Amino acid sequence: WNSKLMAEMWWGRLRGEDHQEKASRHGSVGHSNVLAPELRNAARSSEVLFRLVDKAAARLRRTRYWAGLVTVQIEFVGGGHWDSSLRVAHCQDTLTLLQSASTIWDRRPEGTPLKVGVVFNNLRHDRNVAPSLFDSDRRRVALSEAMDQINGREDTNGIYFGITHGV
């Protein structure tokens, strides 16, 4: 189980005990950005959004939290606000979070975006997350951590996912 705490909790649950998870110290992790006039269209604003997802995902890993809910927020020119959320299996890898944000983005209403943002909620600390049984999930986390190490050494974003290119 890779964690004595998780093993004891599951041992109790399997015997009918009710274990409440402790609330995380962090309520959410997110970023938002008011768009420059040349970025106020669907294509360019999505690039900004995906860059924000990348930054917020790196912050999740730095603070050792995992997200269970992804929310995309848009404010429109002339007023109006839209947001939508998607529940995910607790994760912290950039690729999964980018895919989730992209799914939400595809549901957005028509309009000229003025501000975009992403928020990760339903956070759990590393010590409260059981390791995935699937190699693909573990590889995604390892890839994100390797990218963090490379970007941390250079103090730039020398390596990133193509969907965030151009921002």
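Visitor: How many bridges join strand 2 to strand 5, and in which sense do the two strands run?

Guide: In this predicted model, strand 2 and strand 5 (residues 124-125) run antiparallel and are joined by 2 bridges. To read such a pairing, look for residues that stand opposite each other, as Tyr65 does with His125 in strand 5.

Visitor: Which residues stand opposite Gln73 in strand 3 and in strand 4?

Guide: In general, the side chains of a regular strand alternate between the two faces of the sheet. Here, Gln73 stands opposite Asp83 in strand 3, while its bridge partner in strand 4 is Gly117. Strand 2 pairs with strand 3 (residues 81-91) in the antiparallel sense over 8 bridges, and 8 bridges also join strand 2 to strand 4 (residues 113-121), again running antiparallel. In the hairpin of strand 2 and strand 3, where 4 residues lie between the strands, Gly78 takes a positive phi near 85 degrees.

Visitor: How many residues of strand 2 are buried?

Guide: Strand 2 is mostly covered, with 10 of its 12 residues buried.

Visitor: Why does Arg61 count as buried?

Guide: A residue is called buried when its relative accessible area is under 20%; Arg61, in helix 2 (residues 42-63), counts as buried because its relative accessibility is 10%. The side chain of Arg61 reaches the backbone oxygen of Gln92 at 2.7 Å, and it also makes a polar contact with the side chain of Thr94 (3.1 Å). Thr94, which lies in helix 3 (residues 94-105), is buried too, with a relative accessible area of 1%.

How values were computed. Residues numbered from 1 in each chain as written. Predicted model: local features only at pLDDT ≥ 70, side-chain atom pairs only at ≥ 80, totals over all residues. Heavy atoms only, no water. Buried < 20%, exposed > 50% of the residue type's maximum accessible area, 1.4 Å probe, protein only. Polar contact = N/O pair within 3.5 Å; in protein donor to acceptor, adjacent residues only side chain to side chain. Pairing = 2+ DSSP bridges.
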